[in-house]
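Student: I have a model open and would like to learn how to read its features. Could we go through a few together?

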Amino acid sequence: MRASPGGRAALAEFRANLKAAPRRLYESAFRSGAPTTDRSRSTFVFGNVFLHLHAVRTHRWSLRWTTTLGLGVMSASAFLITLVTGVMLMFYYKPSPDLAYQSIKDIHFVVPTGRLIRNIHRWAANVMVVAVILHMARAFYTSAYRSPREYNWLIGLLLLVVTLGLSFTGYLLPWDQLAYWAITIGANIAQSPRELTDALGVTGLFDPGGFQRLLLLGSDVVGQEALIRFYLLHVMILPLALAALAAVHFWRIRKDGGLTRPADADARLAREPAADTYPVFTEAPLRTYHLAAVVRGRTPAVNDGPEHTLPSMPHLFYAELGVLMLTLLVCVALALVSDAPLKELANPSVPENPAKAPWYFLGLQEMVAFSAFMGGMGIPLIVLLGLALIPFLDRETSATGEWWGGPGGWPLVKRSALVGLAAPVAIEAFAIRFGWLREWFPAIPQLVVTAVNPATLLTAAYAAYSVWCIRRHQSARAGALALFTCFLGGFVVLTAIGTYFRGPNWVFYWSPADWPTH
Amino acid sequence: MTVTPKPSRSRLDAEPVSRRDWLGLTSLGVTAGALLFGLVGLLRLPKAAVLSSPSKKFRVALPEGLPAGEAFVPPGRAVAVFRDARGVHAISITCTHLGCLVKPTAAGFECPCHGSRFAADGSVTKGPAPRPLPWLKVSVSGSEVTIDEGTAVASGTKEV
Amino acid sequence: MNKNKYLLLVSSAAVLLLLIGAAVQETFLQEWRRLQARARTDEGPIPIQLRQVVNDSLRAADRCVSCHVAMGPGEQGVRGEPVLAAHKPVVHDPAEFGCTICHAGQGQATTRSEAHGDVRFWPEPMIPARFSYAGCGRCHATLGVPEQRQLQAAAAAFERLDCLSCHRVDGRGGTLRPDGGGMEGPDLSRVGLAGYDPGWYETHLDKARTASAGPWRGAVGPSSDEDRRLLALFLSTRVASPMLVEAKSVFHSAGCLGCHKVSGVGGDDGMDLSRAGDKDPGQASFHGVPGQPTIANWQLAHFRSPASIVAGSLMPPVAASDRELDLLAMYVLSLRRRDLPEVYVPPDRVRSVKLGEREFAGDGATLFGAFCSGCHGQDGLGRRLPGVLSFPSIASPDFLAIASDGLIVSTIERGRPGRRMAAWLKPGGLRPAEVRAVAGYLRSLGGVPPEEDPRPARWVTADAAAGRKLFDGVCAGCHGPAGGGGEGPALNSIVLRDSATDTFLVKTIGRGRRGTVMPGFLSATPAYPALASADIEDVVAYLRVLQGGGS
């Protein structure tokens with residue numbers, strides 16, 4: 001058969017297309033070419049679904065290390081690390097009481113890199129909790145919750161809750177003694193509204209506590225049902241929720257005009273010229289949009305003097321990647337030094353003594369040791385509510401974007417830290433030395449103990465102190481500074497007491513060396 | 001045929017919603033209703049109609065020489081059974097605070113988790129436990145005792 | 001903005017370094033890798049890989065053979081360091097059963113310390129090497145083991161009759177062979193399980209008589225029935241676990257069952273020992289325990305001084321030599337249980353569980369050793385321990401001469417309600433035949449038959465009120481007010497009232513008990529004046545009306 005001339009041409013074209021396929025694949029994936037010019041850098045960012053969460057240009061203020069300390073990126077990086085390592089662990093983990101513990105042992109001993117991966121997972125989870133809390137503190141102390149960022153502050157609070165939930169649900173999965181009893185306590189904290197309903201005598205009619213516990217455990221006891229629920233929450237529901245919320249959180253940063261910065265940020269940046277900034281707008285924009293129709297309010301740069309933004313690609317991405325690798329470094333280093341704990345197999349008839357929750361819940365556990373409902377649900381809800389209200393109560397505008405900014409400033413923070421640390425120490429010392437209401441009046445009604453206990457007193461003291469600060473400095477921001485600092489101090493003290501000074505039967509000991517042997 | 005120009009409206013003005021757009025409103029309403037109903041059904045799923053937990057009633061044989069006032073904890077159960085001259089009684093050993101298992105001691109019960117203490121009759125003497133340990137329903141036939149963990153009885157009720 | 005680039009460079013480089021380090025550690029430096037790299041077979045080096053013994057029905061996945069390579073399936077030829085060497089020949093091939101079923105420890109682990117259990121949170125550390133035989137107890141019940149003296153006598157008889165010349169037992173003997181090498185007789189290490197020819201004695205005599213030369217000629221002479229009984233006892237205990245049998249015989253001599261239960265048999269005073277070998281070191285207090293914090297050391301310290309290890313313990317210290325204590329510790333370590341699939345349950349366990357066969361032998365000496373000797377002493381002469389009630393001497397000839405068999409049997413069967421002496425005729429206690437065996441043995445301890453007693457059981461018709469006065473003045477000092485007991489035994493027990501004859505009581509008061517603080521009241525002592533026969537009868541009349549001590 002002879003090929004016609006047309007056929008030969010088609011073949012040639014086919015060959016040429018085949019040869020060009022790799023190049024065309026590359027071009028269709030990266031339309032803008034190498035990001036070497038301002039324009040191609042911009043298209044590189046908004047042509048990529050993931051990078052597009054970032055603005056095309058980043059303000060130089062945002063890139064200063066002291067602006068954020070990289071804490072937000074660190075939280076996200078830690079999440080990414082737990083996500084990857086967690087998925088790897090799922091290859092071997094079996095969510096069944098008979099097999100879970102053995103499968104963790106297998107991961108530990110015979111799965112190649114299994115021990116390291118599990119340790120990294122564990123440490124990244126801890127790093128994430130720390131980073132999220134510090135990130136919140138950073139946002140608070142630089143007033144980053146202020147308009148227009150109120151909504152993102154709320155999303156951030158939700159992210160904090162989901163993060164703690166992720167850590168907590170992961171705690172049960174190894175099915176060791178530590179896990180079993182920490183979850184038993186956790187599930188009963190969920191049931192603690194009964195403390196109120198019982199005292200009011202309405203549990204028979206209205207039992208939110210029992211319902212919460214049942215929902216969490218799927219049974220009366222911590223068993224197979226509970227394990228599968230915690231597993232589902234840990235690997236599916238909560239990560240999805242966290243990813244969705246985080247996407248909103250990131251996207252809102254962009255929509256809210258980037259990170260918070262002081263009003264005079266540009267002026268201050270003008271005094272520290274950056275040698276490696278790129279020229280601004282050297283080419284005509286490739287496309288124009290009806291910006292005026294879409295964007296309301298002031299645009300950042302128009303008629304506003306020198307431009308202090310840099311292309312996000314590569315400046316922001318170097319910073320973000322740097323923090324990611326730093327986080328990874330911290331996690332890997334800790335993972336190599338210290339193994340994730342695995343105690344003996346869960347034994348439902350021998351309570352772990354002391355049964356300690358993960359460290360970041362030990363502050364709660366310390367309060368729970370006085371009243372289950374107040375310590376486990378009441379106070380945390382009050383704190384969360386207080387945090388959620390902050391952006392709506394503090395409508396001031398001065399010193400936004402400044403560390404410790406606001407009336408009172410750094411001295412107020414220092415004073416509040418002192419109060420925040422001293423008050424729980426004093427109350428705890430009193431309660432440990434002299435006992436509490438029940439020891440003095442055994443017949444006291446439970447409602448009184450629920451209402452008046454070290455945890456509620458501490459909260460009340462903090463609230464009173466911050467109200468005093470509001471009056472003294474004539475500013476809601478001063479009150480917020482005082483309250484937030486106090487809560488942080490209380491968290492630190494109670495967590496430290498719960499972690500280091502509580503032994504068997506939750507008795508106070510100066511060191512574990514003094515624990516009685518049983 | 002003449003075209004009557006509509007009054008011009010800026011693109012930035014809000015578009016008035018027609019009160020007669022019954023089709024749109026109804027369809028949205030029905031969608032919301034259907035999804036809401038489905039959601040309610042979906043939320044019923046995590047709460048099983050019957051729990052997989054073991055029966056709350058069980059029979060147990062007390063050991064022969066159980067001294068009066070000494071607790072016998074049937075293996076795998078969160079109950080302490082006592083026998084004395086006045087009869088048999090059972091007290092739950094699940095702490096009313098946060099569900100740890102309390103330990104029977106000479107003086108009563110001790111919770112290892114947050115230091116609650118209970119007297120021998122289950123009443124709280126110390127610590128955060130909000131309620132006394134409940135006494136459970138028992139019925140005795142010979143040396144066998146049937147205990148119902150699900151039914152609490154008044155403190156002090158003993159069965160012979 | 002170069003500092004971000006430096007940050008990235010430094011942290012990435014550090015991560016890379018750490019990961020390379022981790023990879024090197026994991027790929028080259030693990031101890032089992034280094035061990036296997038030094039192992040050789042005749043064909044050369046062995047492939048370096050994780051090895052394991054998997055037995056699904058025993059739920060074993062033991063990676064121990066990653067280091068102990070030659071113990072693994074088909075790896076007998078591996079040579080090298082001692083740790084690599086093959087297991088010594090045992091009944092159960094480790095390549096089939098795995099390692100942890102006998103030795104405990106953590107089979108899943110792949111590092112030495114974690115596999116052997118030298119780490120925190122270890123619910124099941126390895127059984128120490130010197131107690132290895134304790135591992136047998138996890139499946140085997142090893143039935144009918146006699147008390148120590150009989151077992152020793154049996155072993156001595158086996159030795160004395162020169163059986164070891166031709167037979168090998170537990171790795172000893174079987175050396176006699178004129179043309180060198182080999183054994184003349186079969187290995188007897190497992191005959192307790194496998195059984196042997198009951199007509200062996202006649203066969204041996206025949207062969208010895210008819211042999212014209214060689215080792216058989218004149219090798220076996222006639223032996224006494226007693227010797228043959230001892231040989232039979234010795235052979236019945238050869239179950240390839242000599243140390244465990246020895247440990248059981250010590251246990252059956254120490255009287256522990258008087259207070260403790262094992263597999264549902266024994267007293268209720270102490271804790272049930274059925275799973276004591278599974279005790280979790282993580283749950284134990286090692287306060288006051290010398291040496292390593294192991295369960296074996298805990299047990300040893302506890303035997304020597306129970307109250308200083310377990311506060312408030314009423315257990316008397318175990319009177320035994322160091323070696324016996326070691327064996328006791330080993331016995332306790334052998335009390336392990338694991339749910340086994342049906343096919344792996346050995347016949348001895350089936351017989352003990354399904355047929356109720358005893359772990360201890362059924363003769364009176366063993367029963368006395370197992371149940372009574374803890375309180376009454378191995379010779380039955382009682383024990384006096386500081387801080388604990390003293391235990392009566394029941395082998396005293398003074399007692400046995402006047403106590404009827406009926407009194408002894410009913411005392412054992414019904415006990416002393418309210419006192420530490422339990423009623424032994426009960427499920428989990430002694431069976432009627434066993435009670436009689438104990439009574440018979442007790443009788444043999446005193447070496448005296450009961451005196452004839454022509455009188456009826458109750459013949460005293462004296463004045464209880466007068467008896468009461470005498471009792472309060474003279475007897476209550478030791479026997480307690482109203483006979484409630486004190487230094488001396490309680491006398492208000494209903495069992496004593498029911499089964500002691502008047503003759504017994506009168507003679508006891510009159511003659512006293514030699515070797516105890518009970519004097520004979522017919523003659524005066526430095527502490528007490530003599531009582532007239534009528535006075536003694538008054539006291540007996542009072543004893544008859546004492547109330548209390550159970551009903």
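Tutor: Gladly! In helix H9 of chain C, the buried residues are C:Leu230, C:Leu233, C:Phe234 and C:Ser236. Buried means 20 or more other C-beta atoms within 10 Å of the residue's own, with C-beta atoms placed from the backbone. Helices are DSSP runs (H or I, at least four residues) and strands are E runs of at least two, numbered from the N terminus. This is a predicted model, where local features need pLDDT of at least 70, side-chain atom pairs count only at pLDDT 80 or more, and totals for chains, interfaces and linings use all residues. Residues are numbered from 1 along each chain as its sequence is written, with chains lettered from A and ligands numbered from 1 in the order written.

Student: Where do the buried residues of H9(C) fall, seen down the axis?

Tutor: The arc takes the directions from the helix axis to the C-beta atoms. Here the buried residues fall within 165°, so they line one face of H9(C). They pack against helices H6 (148-160) and H7 (191-194) of chain C; contact means C-beta atoms within 7 Å.

Student: Which residues does the side of chain A that touches chain B have, by class?

Tutor: Ala, Val, Leu, Ile, Met, Phe, Trp, Tyr, Cys and Pro count as nonpolar, Asp, Glu, Lys and Arg as charged, and the others, Gly among them, as polar. In chain A, 32 residues are in contact with 24 of chain B. H9(A) gives the largest share of chain A's side, five residues. That side has 17 nonpolar, nine polar and six charged residues.

Note on methods. A residue is buried if 20 or more other C-beta atoms lie within 10 Å of its own, exposed if 12 or fewer, and partly exposed in between; C-beta atoms are placed from the backbone. Two residues are in contact if their C-beta atoms, placed from the backbone, lie within 7 Å.
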